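Please look at the structure first, then read on.

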Amino acid sequence: MHPRIEDYALIGDEQTAALVGRDGSIDWLCLPRFDSAACFARLLGDEENGHWRIAPKNAGTCTRRAYRPDTLVLDTEWETAEGTVRVTDLMPQRERAPDVVRIVEGVSGRVTVRSVLRLRFDYGAIIPWMRRSGGHRVAVAGPDSVWLRSEPAVRTWGKDFGTYAEFTVAEGERVAFVLTWHPSHEPRPRLVDPYEALRSSVTDWRRWTVRCAYDGPYRDAVVRSLITLKALTYAPTGGIVAAATTSLPEELGGIRNWDYRYCWLRDSTLTLGALLSAGYHKEAEAWRDWLLRAVAGDPGHLQIMYGVAGERRLPEFEVPWLPGFADSAPVRIGNGAVSQLQLDVYGEVLDSLWLTRRAGLSPKPHMWSLQGVLLEWLRAHWRQPDEGLWEMRGGRRHFVHSKVMVWVAADRAVRTLEEHPQLPGDMAGWRALRDEVHREVCEKGYDPKRNTFTQYYGSRELDAALLLIPRVGFLPSDDPRVVGTVDAVRETLGHGGFVRRYDSSGAAVDGLPGEEGVFLACSFWLADALHTTGRTHEARELFEGLVGLANDVGLLAEEYDPVAGRLLGNFPQAFSHIGLVNTALALFGGDGAG
């Protein structure tokens, strides 16, 4: 059987990441960056598309596994008739080249272990040329080169376009494997000591996690979410990818499969809020600086997402040789939604920069002038329909959330001028814009018969993004229209105790066939909304249920199928973990957040 999404754990070096299954197989790894082509793509195909499995000979899934506390170092153990063996997986912080370190250790008895490595560059399409060099196995194909070595050395042999090794470990014995990538035209990088890499990785991660300012209930889940966000950060630039994967399906067997290895502006304010509230100001500042670089330029060309270094061109294409996870095709690389108009991102950017100014992050000289230019563009174009927060492919509409975020953009600019009157800006004009947008949304985006805001002007459909109305300050949480909207969203979009983003049962709005699962970030928003509307007990019950959806190592995907009891969508999903952190801080922060 093909593994489930929840069967995977994450390791990474803050420039890329790998997924490790319960069977000891690394089934997804892109080198050298998150958005590079995968050299292990079994996740979206089969073993012939690339993987690296280390496990006891003839063994299946592991007996147990866990991260070492407060780290991204994974221990996987098998109990066999011959004894117990542990495999420790990590990707140490790189100096120049990325390394995957796998340390096999005998815990008891004498266990025979097998390693099977199948490198397949370019998303599982290219079989490299393998050779030996000074005790290493070297794979080369075009621009890619990978070196494999073991300490102590074990015999390896080639078979069926794979590299095999078999050896026995007794209690206390260790064998370490190191896989290193580098551009094929460059010399081999400096060798890393795998055992020192393990020690330093554990130390570095624990030195980082001790900075967490939250010490309330569910701290382990909060810390695991923060570690995951750190692991999804591209350290050279500060950009945070939405997920480590592409094309994990929102519906098993369906076509709702997208590439999430990029940085979305829609996540910016919630990400900054989570990092700042948890005490990670350095990371928040790095994300802010990435944001400023990415959006610089013509305000009319603001995109909804960018590459990890701020790249703008992310062309979408399909990979026909990969059948997709659980036969969910097509597998897509790149993301065509990059060219969409989403007015909400202007509000996200201005809200984020307002938040960083209030948090005391060091200001940038051009930051305020950029905000003014973005708002002036928005003032001239906000009446246009757009594709909305959820990247609808069914045509543009006047989405209520988009208009609310236009209001947020004007509101944050006005409040900045009120707090810093020395700054230049059109206070009167921006106040007028804020008031005009507010009036229009309340007139055209609200259904008085049902006492709820709607997905777009004149519609009867609802949208979970409406739950953010009190969070962004558009209306107070005790406003009857807010309470009515929260109740309507929960009733209409609720499924299995959680909520969907919108009604995807028809193709009228999003232009796609099939249905998706409940959206975990939106379910955290519902918990936040219940809390702010005075239903804290219900909010905490919902939060506990959401935390319970995490897999055995604390990771969440984008969505969940309450009927099948399975995680869905790209994994692990930053948006879901951001929601977990922010909701924990909202519900319990007074008990333990610094």
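## Two crossing helices

Helix α7 passes helix α9 in a left-handed crossing (the near helix is turned anticlockwise from the far one by less than a right angle). The helix α7 covers residues 367-381 and α9 covers residues 427-444. Their axes come within 12 Å and cross at roughly 50 degrees. Axes here are lines fitted to C-alpha atoms over the stretch in contact, with angles from 0 to 180 degrees between N-to-C directions. The two helices are therefore oblique to each other; angles under 35 degrees count as roughly parallel, over 145 as roughly antiparallel, 65 to 115 as roughly perpendicular and the rest as oblique.

Which residues of α7 and α9 meet? W368, G372, L375, E376 and R379 in α7 meet G429, W430 and L433 in α9. Contact means heavy atoms within 4.5 Å. By class, this contact has four nonpolar, two polar and two charged residues.

## How the model is described

This is a predicted model: local features need pLDDT of at least 70, side-chain atom pairs count only at pLDDT 80 or more, and totals for chains, interfaces and linings use all residues. Residues are numbered from 1 along each chain as its sequence is written, and side-chain values use heavy atoms, with hydrogens and water left out. Helices (H or I, at least four residues) and strands (E, at least two) are DSSP runs, numbered from the N terminus.

Helix α8 spans residues 400-419. In α8, 17 of the 20 residues are buried, so α8 is largely enclosed by the rest of the structure. Buried means under 20% relative accessible area, exposed over 50%, partly exposed in between (1.4 Å probe, protein chains only).

Helix α12 is largely enclosed too, because 11 of its 13 residues are buried. Among them are F524, W525 and D528. Just after α12, G534 takes a positive phi of about 90 degrees.

## Backbone exceptions

Most residues other than glycine have a negative phi, and most peptide bonds are trans. D70 has a positive phi near 60 degrees. It lies in the loop between β6 and β7 and is partly exposed at 29% relative accessibility. D327 also has a positive phi, about 60 degrees, but D327 is exposed at 59%.

A cis peptide bond joins L31 and P32, with omega about 10 degrees. Another cis bond joins E151 and P152, with omega about -10 degrees.

How values were computed
Ala, Val, Leu, Ile, Met, Phe, Trp, Tyr, Cys and Pro count as nonpolar, Asp, Glu, Lys and Arg as charged, and the others, Gly among them, as polar. The expected span of a helix is 1.5 Å times one less than its number of residues.
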